[in-house]
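Please go through the sequence and the predicted model shown here.

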Amino acid sequence: MKRKILAALLASTMVLSLVGCGGGSAETPAAPAADDGAAEEAPAADSGAAEEAPAADATAGGDETLTVWCWDPAFNLNAMYEAEKVYQKDHPNFKLNVVETPWDDIQTKLTTAATSGDLSTLPDIFLMQDNAFQKNVLAFPDVCMDLTGSGIDYSQFAAGKTAYSVIDGKNYGVPFDNGAVVACYRTDLLEQAGLTIDDFTDITFDQYLENGKKVLEATGKPLISMQAGECDLIMMMLQSAGASLFNEDGTANIVNNETLKIVMETYKGLKDAGVLTEVNSWDEYVGDFVSGNVAGTINGCWIMASIQTAEDQKGNWAITNMPSLVGASGATNYSNNGGSSWAVTTKCANPTLACDFLASTFAGSNELYDNILPSGALATWAPAGDSSAYGEPNEFFGGDAVSAKIVDFATKVPTNITGAYYYEARNAVATAITNYINGSDLATELQTAEQTVNFNMGQ
C-alpha cells in the first residue's frame, strides 16, 4: 500500500512542478477543494498519553529559533506571528523564521526530501492541508513527528478536526483553522417567503427542500448554487452522517455505501426542483450569493469572509447549522469543509521547544485566538469559544455571536475516514453525480466510480 501511495504522490509532485513553479498563493481557507474526513475515530490521546515528550528542555540554553513553512500572509503567517508574540512573553529569546510557502510547494518539497532520504531541507514546523495528512504520513512515515505524548491536550480540540491527523491511533498534527460547515441565508429574502432563520435551524433536507420551494416561488431565486463538476456539498452531506468513501481497512466504500446513495439522491432532488442551481466556476459561485442571485449557501465557515464583501447586505444575513440527511444512520446537522493543521518534522532541531510552543499557543492560548479572530481565523480549540471576543456580536450577520456559534458547531462534527486516496475518490464521485444528474443510472455510476478508485489504488 505504501508503495502505491508513494507512486501517487510522486505523480502529483511532477504535475505540481510543471504548473506551480511560479510560486503564488496556494489555496486559502476559502478555496473550494477542501473537505471532510479522517483516518481514525477521534483520538483518545491527550497530554497524558503513553509516549513521553522529547527529553530536551524547551527553555534550556542555545538557539531558540524555529523555522515554519505556511501559506497565506493575511491568515496563516499572521497567526504564526501572533503566536510568536504570545510565546515570547514567557520565552523572550524565542524567535520564528516564518517562510511563506504555497501548499503545492510544501507538498513538492516534502515528497522530494522524503524520497531522497535527505530531510535536512525541511523546516521545524509546517502547515499541512488536513486531507493530505493520511497520504503523507503513510507514504513518508519518517517525516512527521508523533505528537501523541508531546504535552498537547487533544481533548480540548473538536474531535472531527483532530481526527484528520490521526493515523494508527497516533497524533501527527495540531489542529488550527476551523472548517465547520455553516448554512448562510439572506433573511430579507426568506422573509418574502414568510420564513425566518428559525425555519432553517435543526432541519432535515426534506424540510430544506420544501422551504426552498417557497423561497423560489416567492422570490424567483434558488436557495443555493454549487459549482458543476465538484462535490463539495456531497462530501459535506456525507460527513454530516459520519460516513466516508473508504472503509477502515482503506478499501473503497462507494458501491455499497447506503449513505452515499441517499446523498446523491438528495442532491439530485434539490437540483431537479430548482432549489439548487449549478454554475461553471468558483467565481460564479461566489458571485451568486454576493449579487443576490441565490438566497444562501452551505459551506465551511470561511465562506463568510466572501459573503461580507457585499457591504450593502450588512444585517441581512444569518447563519445556522446545515440540514441533516433523511434516512441516513448517524445523521446530524454538522459537518466540516476545509482546514489545515500544524506538523512538526522529525528533522526539528529542538522538538521539545516546538511542541511546547504549539501546546502553549495553538493548543493553549485564548489570547492568541482572540488576536487572530479579526483576520477570520476561527479556532477548533474549544476553550476559545468561551472568550469575550468570540461572544462579540457580528452586525453583518444580524448581531449574532457567530464566532462562538461556529466553535460550538465544530465540536459536534462527526469523524469519518479520509483515506490515503481521498482526492481520487472525491473526483470519481464528482463525475458520478454529474452523470447521474444528466440521466445516468445511479448504481452504474457508483460502480464506475469505485472501479476508478480501485484502479488508482492499483487494485
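**The sheet and its surroundings**

Y185 has A318, a residue of β11, as its bridge partner. The strands β7, which spans residues 181–186, and β11 are paired in the antiparallel sense, with four bridges between them. Together with a further strand they make up an open sheet of three strands, ordered β10-β7-β11 with antiparallel pairing. Its edges are β10 (296–300) and β11 (317–320), each of which pairs on one side only. From one strand to the next, the twist averages 25°.

Helix α8 (residues 232–240) packs on this sheet and touches β7 and β10; the direction of α8 makes about 65° with that of β10. Another helix, α14 (residues 402–410), lies across β7 and β11 and runs at about 25° to β11.

Next comes a pair of helices. The axes of α7 (residues 205–219) and α9 (residues 258–273) come within 10 Å of each other and cross at roughly 10°. Because angles under 35 degrees count as roughly parallel, α7 is roughly parallel to α9. On the α7 side the contact is made by F205, Y208, L209, K213 and L216, and on the α9 side by T266, G269, L270 and A273. Sorted by class, this contact of α7 with α9 has six nonpolar, two polar and one charged residues.

Y208 also belongs to the largest nonpolar core, which has 150 residues. Along with W342, F357 and F362, Y208 is among the residues with the most contacts inside that core. Helix α15 (residues 422–437) gives the most to the core, contributing nine residues. In soluble globular proteins, nonpolar side chains tend to be buried together.

Conventions:
Residues are numbered from 1 along each chain as its sequence is written. This is a predicted model: local features need pLDDT of at least 70, side-chain atom pairs count only at pLDDT 80 or more; totals for chains, interfaces and linings use all residues. Side-chain values use heavy atoms; hydrogens and water are left out. A nonpolar core is a set of buried Ala, Val, Leu, Ile, Met, Phe, Trp, Tyr and Cys residues joined through side-chain atoms within 4.5 Å. Buried means under 20% relative accessible area, exposed over 50%, partly exposed in between (1.4 Å probe, protein chains only). Helices (H or I, at least four residues) and strands (E, at least two) are DSSP runs, numbered from the N terminus. Two strands pair if DSSP finds at least two bridges between them. Axes are lines fitted to C-alpha atoms, for helices over the stretch in contact, and angles run from 0 to 180 degrees between N-to-C directions. Contact means heavy atoms within 4.5 Å. Angles under 35 degrees count as roughly parallel, over 145 as roughly antiparallel, 65 to 115 as roughly perpendicular and the rest as oblique. Ala, Val, Leu, Ile, Met, Phe, Trp, Tyr, Cys and Pro count as nonpolar, Asp, Glu, Lys and Arg as charged, and the others, Gly among them, as polar.
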